[in-house]
Amino acid sequence: MLAILSALFLFLCNPACCVFQTLYCTLSDSCDCDFKPNIKDLEWDLYKNVYGQHLAQDIVSEEVANFLQNKSPDRPLVLSFHGSSGTGKTLVSSMLATHLYGSAMSSPYIHQFVPVLHFPSPDRVKQYRSELRSWVNGNLTACARSVFIFDEMEKMPPGIIDVLEPFLGPSHVVYSTNYRKAIYVFISTTGENVINQLALDYRQAGRDREEIRLADLQDAIAQTVYNSSTSGFFHSTIIQQKLVTRFVPFLPLSRRHVERCARRQLCQLGWCWRNDVAEAVGGDMIYAPDNGQYFSTTGCKAVPAKINLFL
């Protein structure tokens with residue numbers, strides 16, 4: 001019975017068939033029922049709640065929209081987020097999960113890996129490779145629309161992530177699984193020096209940071225993560241084969257961005273009118289470089305703690 005309903009759900013798409021979809025989703029645990037992407041809300045969330053990141057806002061919204069519009073993609077969407085701590089990388093990955101499955105990281109189809117928890121021993125790379133390949137394959141078999149988020153890639157022992165290469169390329173089937181509708185997000189601070197230096201150069205030249213373009217950083221980030229021995233992509237075949245759809249730079253944040261983060265947090269606490277607290281938080285941060293103090297060294301990461309200090 002369930003197989004029949006599944007066929008109807010997958011192949012019949014006119015309004016008269018909604019009853020079959022409802023019945024199918026009542027009886028099935030298929031991720032097709034939970035997958036409800038809302039690109040407009042994702043775009044709004046990015047532009048409303050992510051500060052100082054015009055590149056990330058544009059790239060993520062555009063790449064996700066284009067990927068989901070393609071009913072038969074020839075490869076997964078692979079995004080690699082790079083930038084200093086507190087600049088919004090984890091926030092954006094959470095927004096992506098929320099607007100795909102409506103439940104952020106709690107969805108059973110959103111899978112997050114943290115190296116210090118899942119891959120803590122550099123001498124067990126062979127074991128981790130086998131486990132990761134099996135785990136990704138199993139989850140893709142259960143849900144072709146799975147989302148995999150790899151946090152703190154700078155702490156990932158080199159060699160592990162290359163086991164994903166067959167899943168990221170243009171092959172049609174891997175390990176008997178169609179994997180091309182999956183989304184992979186890698187998050188790392190590797191490349192922050194390249195990104196921050198370009199932002200500083202623009203600032204010192206009196207140029208607007210919004211003039212920075214992806215082309216200014218894409219190749220530089222790729223080379224940095226490939227050549228850095230502290231990167232999970234160190235000498236990775238994934239980089240060699242150009243399997244990352246986009247490297248997404250997150251720029252360093254200025255005081256005005258930090259104060260916007262503080263105001264957002266204050267509003268969530270019911271203190272929207274406390275501009276004095278937002279300004280105090282911005283003034284209490286440490287900024288770099290010493291001769292200019294343009295950018296917060298911790299981005300917005302310390303904002304919640306600072307708010308508690310000044311409230």
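**Pocket lining and salt bridges**

Q: How do the residues lining the second largest pocket divide into nonpolar, polar and charged?
A: This is a predicted model, numbered from 1 along each chain. Local features need pLDDT of at least 70, side-chain atom pairs 80 or more, and totals use all residues, while side-chain values use heavy atoms without hydrogens or water. A pocket is an open set of 1 Å grid points where a 1.4 Å probe fits, with protein on both sides within 12 Å along at least five of seven lines; lining residues have an atom within 4 Å of a point. The lining of the second largest pocket has nine nonpolar, nine polar (Gly among them) and seven charged residues (Asp, Glu, Lys and Arg).

Q: Which residues are closest to the centre of the second largest pocket?
A: The second largest pocket holds about 530 Å³ of space. Of its 25 lining residues, the closest to the centre are Gly86, Thr87, Gly88, Thr90 and Lys301.

Q: Is Glu259 buried or exposed?
A: Glu259 forms a salt bridge with Arg255 (2.8 Å, N to O), that is, a Lys or Arg side-chain nitrogen within 4 Å of an Asp or Glu carboxyl oxygen. The two sit four residues apart in helix α13, so about one helical turn separates Arg255 and Glu259. Arg255 is partly exposed at 39% relative accessible area. At 11%, Glu259 counts as buried (under 20%; exposed is over 50%, partly exposed in between, 1.4 Å probe, protein chains only).

Q: Which helices does the pair Asp284 and Lys306 tie together?
A: The side chains of Asp284 and Lys306 meet in a salt bridge (2.7 Å, N to O). The partners are 22 residues apart in sequence, so the pair ties together parts in helices α14 and α15.

Conventions:
Points joined across faces, edges and corners; volume = space filled by probe spheres on them.
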